[in-house]
Structures are given as C-alpha cells and as structure tokens.
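These are my notebook entries on one structure. I set down what I looked up, entry by entry.

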Amino acid sequence: MTSHTSEATRVNDALDELLAGFRPDKTDPKDFWGDQFDAGLAWVDYPLGDGGLGVSPSHRATVARRLADAGAPTWNRTANVLGIGMGSGVLVAHGTPEQRKRWLRPMFTMDEIWCQLFSEPGAGSDVAGLSTRAVKDGDEWILNGQKVWTTLAHLAKWGMVVTRTDPDQPKHRGMTYFVVDMEADGVDIRPLYQITGEAEFNEVFFDDARVPDAFRIDDVGAGWRVAMTTLMNERVAIGGSTVSRDSGTIGTAIDVWRSTGSDDNATRRELARLWGEMEALRLTTARASQNATAGVPGPEGSTGKLAWADLNKEVTSFTVAMMGLDGATIPEGYTLEATTYDTREVERVMSPQRQFLRARANSIEGGTSEIMRNILGERVLGLAGEPRVDKDLPWKDVPRG
Amino acid sequence: MVDAVSFIRTDEQAMLADTVSEFLAANAELDRVREASLATDAFFPEVWQGLADMGLIGLAIDEQHGGAGYGFCELAVVFEELGAMVTPVPLLSSVLASTAIDAAGTDAQKADLLPGIASGETIATLAVFEQAHDSALSTPATIATPSDLGWVLTGTKRYVTDALSANQIVVSAHSGDGVGLFVVDADADGVTVLPMRSLDATRPLGEIVLDGVPLPHEAYLGGAPNDVAIAAALDAGVVAMASEQVGGARACLAMAVDYANSRYQFGRTIGSFQAVKHMCANMLVAVEHARSVAWHAASTIDDPDESRISVPLAKSVCSDAYVKVAGDNIQVHGGVGFTWEHDAHLYFKRAKSDSLLLGSVDSHRDRLADAIGI
C-alpha cells in the first residue's frame, strides 16, 4: 500500500467516525467543529494536535467533499476566513506549541474570529514600507500606528499585525509580527465607508496598545518572512473554485439584457463577446485547477485575479449602460452602514448599479492589477525588475507620502 | 458535459507536439517562410510530405478511410505547432474538405475520396465563399445545372484557401433543390484557378472560375444534406484554426518577451520598464485564455449541444487574442518589428487573416448569442 493510500484510509476512517454521530438538523455547528478539530480533520495536513493528521494536503479535497456530501457545516471557513484560511498556516509554520494550543481550536470553532492588519494609509502596494511601531517595554510591546482596509476587525478577537520594530534597518529587515487582542485597551476600530456607502472594511488605530511578548510570532525582525507565509496562504485559500456558467456578474448582465426586451444586435453581439471572455476566464480557472491538482501548475494559475478584475469592471459597466436611464439610479440608495457578517455564509445580492461601483475595487484589493502585471512580467515571464531606490536604505530614510 | 473536459494533455499528445515542433524547426524555418511570402502560392511540399510520412495529415480521418482515427485534440496539438511556425502547408484546407466529404458523402464516395486526402497525395480544399460580405452559404451564386452525364458547374468561388496547390476542390453550388457540394478536379475542363494577393501569403488564397465545368453524377456528395455538411466543415476548420491561433499567439509572446529581455535602452532592458512589462503580461493573459477555449472546442466538437457554444466561442476569443498579441509583439519590438526582415509581420498578417476566414468574428458572435439564448 502506498503511503498515499494508507493516508487516505486514515482520513476516511476519521471521517467515518466524525460523521457517524452527525445529525444535520440537530448537531450544533460549534460542537461539530470542535469534534472535527479534535479528529484532526480541520486542516488535515497540519500536525497531530494542531487540528490535523499530518497527511498530504491533497487529502483536503476528500474532507471537503465528504463533509459537503453529508451536509455538514463548513461555513466557518468563510465566516472566519482570515483565521482559518491564513492565520492557521502562520501559526503552524511560525508559532510556538503554546500559541498553537491557545489559538487554533477556538479559531476553528468560531469562538474567536480573526483579522489581518497589514495595509496602512502609507503602505498599500508597498506594504513592506509600513510604519506602525512596536517598542519593547519589559515583557510587553507598545504599539502605535494605523492600519486600514481591515476586514472583520469589528467582529474579531485576534488580529495578525505586522509592525516596524527597527526603523534603522532596511525595510524588509526591521519588521516583527504579532497577534494582537482586538479588544485590548488602545485598539480603536472604525468602519471605513466605501463608494457603495457600506463599510466592508475598517481602520484600526493603535494608541499605546500593549501586546505581550508571548504573542510575538517568530523572531524580532522576522516579520516580513511571516507576512510572506500569510500572503502565500491567502492565495491558496482564495484560489481555484470554478464557478458555474452564467453565474455572477455575467449572469446579471444577461438578466438585464433580457429585461430590456431589446433586439439591438450590436448590444447583443457585444454581450456575446463579453460572455465569451468570461467563459474563457472560467475555463482557464478550471484548467488551472486541474493542472495544480495534477502537480503541473503553469502560467494559467497566475492570470486569474488580473483577468477577472478588468473583465468584471468591463461587464458591470456594460450592464449599467444597457439599463439606459435606469442606470443613472441606484435602488438601494446610499446608507453609511457597516456590513454585518452573519455567522452564516451570506449571499449578498447587489443591484447591477452597486455591482458596477463595487467592481472598481476588484483591480485594487488583494493586489492591484498594476502589481499583478509586474508579478506576471517578472516572475512568470522572467522580465527584469525596475531599479529600486528603497530596498537597501534604512527604512527611516526612504521617502514617504 | 462542459465541466468534464480534461485540459491536461496526455503523454502521447505531448510527444506529438514535440515531434512536430522539432520537425518544423529543422524543415520549415522562419527565414524560408518569409522568403516564400513573396510568392502567391507559398507551399512547402517536403514539409507536407514529412507530415504525411508521420501520418499526420489524416490524423482525424477514421482508420477505415486511411486515417489514423484520432480525435480533434490530437489535431489541435498539430495545428498549434504549425501555427507557431506559420508553416505554409494546406492542412487546414484538407480538414475543411475531408470534413465536408465525411459529412455529405455516400459510403462509396468516402471510400473513394478520403484515403487520398489522408495520405496527403490528394491536396484538397473547400470552396464555399464568393462575396466579401454576407456570405449566404446556402444560396451561392455558382450554379449546378443537371446534364445527361451529371452536372455542369458555372460560377466563381473566391477566397479559397490553398486553391493554387489543391488538386481537388469541394465546391458549393446551387442546384434546383438547394445548395450542393461537388468534388471538382483542379485540372478539369473549364476550371481556371487564379491567385489572389493574400494579406497573409503563408495561407495563399485563390479564385476558382468555373466556366461550364462538366461533372459526372458521382461528383455530387449525395449522402446527407449539404448545408449541414458545409456548417460541419466550417466548424471543424474554426476549431483547428483556433489551436493554430493559439500557437501563433504563443510564438508572438515568446518573441516579445525574448526581445524585451535582451534589448537595452536607457541603460536597462526594455522589459524592465512597466509599460512594456505590462503589455507582455496582458499578452500572457490573452494567450492563456485562448488556449483554454481552443482546447475546450477541440474536446467538445462531437458534442452537438456544447459545440454550438464552444465553436463560436473559440472563434471569438482566439481571433481577438491572436490579433492583439501579434500586434503588441510588433509594438514591443519597436522599429525593427515593422521591418520585412523581422518575423513579426508574418504572424500579424496570419492573425488578421485568420480572424476574417471561415465566417466573420461578428457572425460567430451572433451564433454564440443564439446558442446562449440571449
């Protein structure tokens, strides 16, 4: 028996046992998630005791499939995505046994929600230029600064934060990574209202907030390394589930076209062209997923985010144009309100006009299209990088604004 | 089933790609292609023979008729390599003609005609277009008048791919009952083949004047409705061409990146500048998308429901992608990309020509719109 087969047997046996006592209508999700964690099926590739069985990550798909088939609750992965999708990997790769023991289980059961605090008003694409300071004081660190675009901050118990601990070092060497208690004194969370009127994100202000040294992740000065782990896990967490044909904004475009009752062939033809481009993207995502699973990832696995962003802006803009003067109204109006993330996965249906506004962020959030093109050009196509004026200077001497 | 398509090439398909690309690198160098593009009848007979020797001309023709009995995915692999080298061989025309014969011929006609095409001995093409616009394929102006011995054909077919090297032409003509397909020998009485000056000389186009051409009864492909066969032939051509467009786009991207990494201006390689880098990144996205739809079309051509979508989808996406990438390749090269001596223009002309052949991109988008129900 190959090790893959014997691993598969262990995984399936554990799933058999876990699901034996599961009743879709009766079992409390938190209880189930606790049992799932204890059975090593939370992240099956993590070490024993950390919610895993120490097997190959390829078995994650088996777990996902069997849980879905059984109707088991899996929406913790979405509702606590920053923790479960990214933070857990950081703790496993860089955390101490005590830190993993303290944080992993309540993360998985959704007893504690997590957020990620990287971006700052002065550090967006250039996140390594961040300036939030952490200064050692006894066995604590004192944090001062501001983070921005922080999803889930208002619901979170814990935040992963990257700070500047040595301004005299070149930027990549003077950072340290902490887990911060979002309910602590000196941590001030405010909703960040966006052009759609709502606030999906927050600003977080640190005003002499104290963080125990025991909450430091990895070494002083190793912050960038830990941040890279976080961002790599983000790509794995987000990547690769193929959507169905006609779904999302192209589905809305078709609905709007039909509702106009128009027979203008130029519009119809352009809609067909856009549908085709969306379908090309959809098929490429499927191809990337197949290749990744087969262990032969190619460039097609890196183009999706970039292609999606520009295409989605084009499609949503076209949809509003099809609406004629109705496109100049917005049925929901504007209300400045913080998005409430229900504890369940919420299907947020937006009007086409709101989709159009929200799409402007697609080419900015999670890596701007300009940065994505740099990454494709340099890392995939092998083109040379630009001369850098910031990398070797002490951080404090790099121009900011 | 659309979501069951495997995008991963088999080992056999990967080997086929390597074999063809090595063969073309050794026998169909771009210098020779460029030289040949000064003629109106570009054709590399020894390359054609080499492909024939490898059994590749009849790759998708069934074994019963002398072919290798493979599917369109294998054909896609071959077309991608031919597209990457803009090789002047009439394989596309061969696919058009053989598909028409396979769709419309009687068993006897298929047995008579297909083996010659599969072996490469018969260079066949399809002649169904007459006008520059609004090709009413089911009502051609060329007419077939019944005669004692069979038929008499009169009319002019235009924009016929590889007309000058073809020895057999499948011609559409209007008989009393509708459109019919007729197999005509290129050297038959009354047939005159004239060169057209192709924008893309690597795919020569010709005009075929039929002046009272006498044909036997059996020249008419009488096995099945001919208008359906014409559509099937053009679909096969679109799908084969889609992979050819991917190959050409792939070659243009490689050329652009290579140049961007080696051309120095202002003390550094031009690819280190974001404008050039970003253009290359956009080209990469276009190539990857084209690759996905071309393979999807090849994989689903035999699925009547899915191919209604996948064929015009491939035409729409791959045509735009190749034209864009080939144009951007010239832009990345700056002045040298505009010279005759450089290879870039070969691809640029092939890209534009491909986008116009086998039905306009607009007409395919109309088809796609119908197929998706909008």
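Which residue just after H12(A) takes a positive phi? I found that A:Gly382 does, with a phi of about 75°.

I note the conventions here: this is a predicted model, in which local features need pLDDT of at least 70, side-chain atom pairs count only at pLDDT 80 or more, and totals for chains, interfaces and linings use all residues. Residues are numbered from 1 along each chain as its sequence is written, chains are lettered from A and ligands numbered from 1 in the order in which they are written, and side-chain values use heavy atoms, without hydrogens and water.

I then looked up helix H12 of chain A, residues 369–380 (helices are DSSP runs of H or I of at least four residues, strands runs of E of at least two, numbered from the N terminus). Its buried residues include A:Met372, A:Arg373 and A:Leu376 (buried means under 20% relative accessible area, with a 1.4 Å probe and protein chains only). The buried residues of H12(A) pack against helix H10 (304–322) of chain A and helix H8 (274–300) of chain B.

Next I examined B:Thr125, which lies in strand S1 (residues 124–127) of chain B. B:Thr125 counts as buried because its relative accessibility is 0%. Beyond its neighbours within four places in sequence, B:Thr125 is in contact with residues including B:Ser93, B:Ala97 and B:Val160 (contact means heavy atoms within 4.5 Å).

Finally, I turned to the largest nonpolar core, of 157 residues (a set of buried Ala, Val, Leu, Ile, Met, Phe, Trp, Tyr and Cys residues joined through side-chain atoms within 4.5 Å). Helix H7 (residues 226–262) of chain B gives the most to this core, 20 residues.

Definitions and conventions: Buried < 20%, exposed > 50% of the residue type's maximum accessible area, 1.4 Å probe, protein only.
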